[in-house]
Amino acid sequence: MSRRPNQTRTIVLLVSPAFIFVLVFFVLPLMFLLSQSVLPADGGFTLTGYVDFFQSRVSRIVYLRTLRLGLIVTGICVLMSYPAAFVLARMPARRRSFLMSLVILPLMTNAVARTFAWLIILGRRGMVNQTLLSLELVENPVRFIFTETAIVLGLTQLFLPLMVLPLVSAMENIPDDVLEAARSLGANRLITFARIVVPLSSDGLVLGATLVFTGSVTAFVTPAILGGSRLLLMSTLLRQEAVILFDQQAAAVVAVVMISTTLAVNLLLRFLRVRQV
Amino acid sequence: MVSRWMYTSLVILYCFLLGPFVIIFMASFGANATMAFPPQGFTLDWFANVFETSQFIDSFWISLQLALLSTIVSLIMGMPVAYALVRFQFTGSGLVETVFSAPILVPGLVIGFAMLNFFVLLGDMQVMTGLFIGHTAILFPYSVRVISASLRNLDPYVEDAAVSLGARRLRGFLLVVLPNMQAGIAAAFVLGFITSFNNVPVSLFLSGPGVTTLPVSMLSYLEYYFDPTIAALSTLLVAFTVVLVQSAERLLGLSQFV
């Protein structure tokens with residue numbers, strides 16, 4: 001495209017409305033939030049909010065639990081998606097596009113509806129308990145809700161599509177010839193998978209892991225329904241500080257820790273992806 | 001290369017992804033109010049209850065308005081950005097891209113909380129305005145990305161031809177580029193609408209007295225009642241989504257943009 005003298009003006013005109021919108025309505029409130037976490041109501045500057053956060057047993061437990069569950073969910077999603085994504089990527093296009101639209105469906109349904117199903121499955125009179133009771137494996141209903149297992153199940157179901165989609169699109173690009181070459185040169189299935197498929201789809205894996213992990217550590221609905229106030233994660237802790245305890249500074253600290261965590265993970269994984277190339 | 005255990009893993013994946021929907025569907029017709037599973041009897045009472053609960057009806061209209069408005073605004077403002085990013089090479093394009101992908105990196109709950117503190121509590125902003133701003137901001141990344149993808153598929157020479165034949169840039173864009181991007185715009189619209197319509201984290205803090213979005217009111221209903229009404233409402237929403245997503249997929253190939 002030819003360079004024209006008024007090109008800069010055109011670009012500024014095109015970009016500035018949305019750019020200003022994002023700066024004023026998105027960046028500015030976040031800056032204000034950051035300042036709330038270090039500026040107490042009575043003036044001055046203090047880092048006591050952060051010191052308190054990392055010294056308090058409760059918030060430390062909540063933070064570590066959030067990270068731990070995020071890692072577990074990511075791990076389960078990888079294990080569940082990897083072989084399945086490979087099958088999907090090798091399918092004829094028509095069948096694949098139908099199956100992929102079924103993967104997207106959960107992503108397009110609101111989290112309350114999707115998490116609600118787990119209450120029916122895991123509840124006191126839910127599916128699992130009815131089965132256990134009728135098989136006389138237990139005498140009284142087992143409490144599944146408000147456990148870490150429930151949260152992990154809910155989050156895994158919620159974020160699986162975010163792992164499957166990038167994996168399938170990365171694996172689609174692996175030519176059949178490469179796999180056949182590996183096989184004909186004597187590699188068995190497992191070696192072909194480990195030495196050819198995994199390295200060639202690592203981009204999708206890293207992207208999927210980023211999405212699932214950051215999604216899990218910031219999700220609100222699932223921990224709110226399946227963990228409640230008894231089993232807090234960072235998101236439900238933020239809500240508790242802000243709405244129930246009315247501690248704006250503590251809430252702002254929780255929020256800043258959440259942002260920093262997701263940004264750090266994103267930068268780290270982006271760095272990993274760049275290094276591979 | 002594809003072996004039997006891989007097919008097994010595919011079946012497990014789909015059971016896990018879609019099983020909960022089957023359960024919600026069954027539960028929404030069950031006569032038993034205590035949600036025992038498997039449900040006993042058959043009733044449509046819970047569906048009737050959805051339509052009799054004014055909290056759901058009111059919040060449905062709010063969610064609908066909000067989703068339409070914020071999607072349209074994010075598209076109108078996002079489209080020129082996508083155009084600039086795809087058609088021009090300029091210093092600062094990296095910064096622009098970063099700024100417009102930022103709303104996806106920041107947790108929705110934090111966005112809602114920051115906006116509540118700054119605009120509603122400090123700036124005395126109307127609740128609905130706050131919701132609109134929050135939703136528009138989180139939709140920019142989707143609009144810009146989907147529109148960019150669809151612009152990249154379009155041969156720039158088509159537009160250059162129009163310009164060299166005497167059309168001004170804007171006219172060339174409106175008459176040549178825009179009609180060729182219909183699928184991309186429609187896909188961005190569906191994606192944006194669904195993202196806004198389903199959003200909980202951003203809306204949670206920004207919902208105020210009398211102004212609540214549908215997913216948030218479903219969540220607060222669950223705090224007080226545990227009956228199949230939510231299952232019935234979820235079934236309706238899933239049906240609505242299936243129709244929307246399947247037709248978008250048929251017509252536009254939605255999955256390539258997600």
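Visitor: How is chain B divided into domains?
Guide: Chain B splits into domain 1, covering 1-43, and domain 2, covering 54-256. Bear in mind that this is a predicted model.

Visitor: How far apart are the centres of those two in chain B?
Guide: Taken over C-alpha atoms, the centres of domain 1 and domain 2 of chain B are 30 Å apart. Their contact draws eight residues from domain 1 of chain B and eight residues from domain 2 of chain B.

Visitor: What classes of residue does domain 1 of chain B put on that side?
Guide: The side of domain 1 of chain B that touches domain 2 of chain B has six nonpolar residues, two polar ones and no charged ones.

Visitor: OK, over to chain A. Where do its domains run?
Guide: In chain A, domain 1 is 1-38 and domain 2 is 49-276. The C-alpha centres of these two domains of chain A are separated by 33 Å. Five residues from domain 1 of chain A and seven residues from domain 2 of chain A make up the contact.

Visitor: And the classes on the domain 1 side of chain A?
Guide: Where domain 1 of chain A touches domain 2 of chain A, its side holds three nonpolar, two polar and no charged residues.

Visitor: Now the two chains together. How many residues does each give to the contact?
Guide: Chain A gives 71 residues and chain B gives 71 residues. On the side of chain B that touches chain A, helix α1 of chain B (residues 4-27) gives the most, with 14 residues.

Visitor: Is chain A compact or spread out?
Guide: Chain A is more spread out than a compact globule, because its radius of gyration is 24 Å, well over the 19 Å that the globule rule gives for 277 residues. Along the principal axes, its C-alpha atoms fill a box of roughly 80 × 75 × 30 Å.

Visitor: What share of chain A is buried?
Guide: Buried residues account for 44% of the 277 residues in chain A.

Visitor: And how much of the contact in chain A comes from residues 24 or more positions apart?
Guide: Among contacts in chain A with a separation of 6 or more, 72% are between residues 24 or more positions apart.

Visitor: Let's pick a helix. What does α3 of chain A look like?
Guide: Helix α3 of chain A (residues 57-89) has 33 residues, and from its first C-alpha to its last it reaches 46 Å, close to the 48 Å expected at 1.5 Å a residue.

Visitor: Where's the kink in α3(A)?
Guide: The kink, of about 35°, is at A:Ser81, shortly before the proline A:Pro83.

Visitor: Which helix holds A:Ile104?
Guide: A:Ile104 sits in helix α4 of chain A, residues 93-107.

Visitor: Why does A:Ile104 count as buried?
Guide: A:Ile104 has 22 other C-beta atoms within 10 Å, and buried means 20 or more.

Visitor: How far is A:Ile104 from A:Leu67?
Guide: C-alpha to C-alpha, A:Ile104 and A:Leu67 are 26 Å apart in space, and they are 37 residues apart in sequence.

Technical notes: Residues are numbered from 1 along each chain as its sequence is written. Chains are lettered from A and ligands numbered from 1 in the order in which they are written. This is a predicted model: local features need pLDDT of at least 70, side-chain atom pairs count only at pLDDT 80 or more; totals for chains, interfaces and linings use all residues. Two residues are in contact if their C-beta atoms, placed from the backbone, lie within 7 Å. Helices (H or I, at least four residues) and strands (E, at least two) are DSSP runs, numbered from the N terminus. Domain bounds come from an automatic or database domain assignment. Ala, Val, Leu, Ile, Met, Phe, Trp, Tyr, Cys and Pro count as nonpolar, Asp, Glu, Lys and Arg as charged, and the others, Gly among them, as polar. A residue is buried if 20 or more other C-beta atoms lie within 10 Å of its own, exposed if 12 or fewer, and partly exposed in between; C-beta atoms are placed from the backbone. The expected span of a helix is 1.5 Å times one less than its number of residues. The bend at a residue is the angle between axes fitted to the seven residues ending there and the seven starting there. The radius of gyration is taken over C-alpha atoms; the globule rule is 2.2 Å times the number of residues to the power 0.38.
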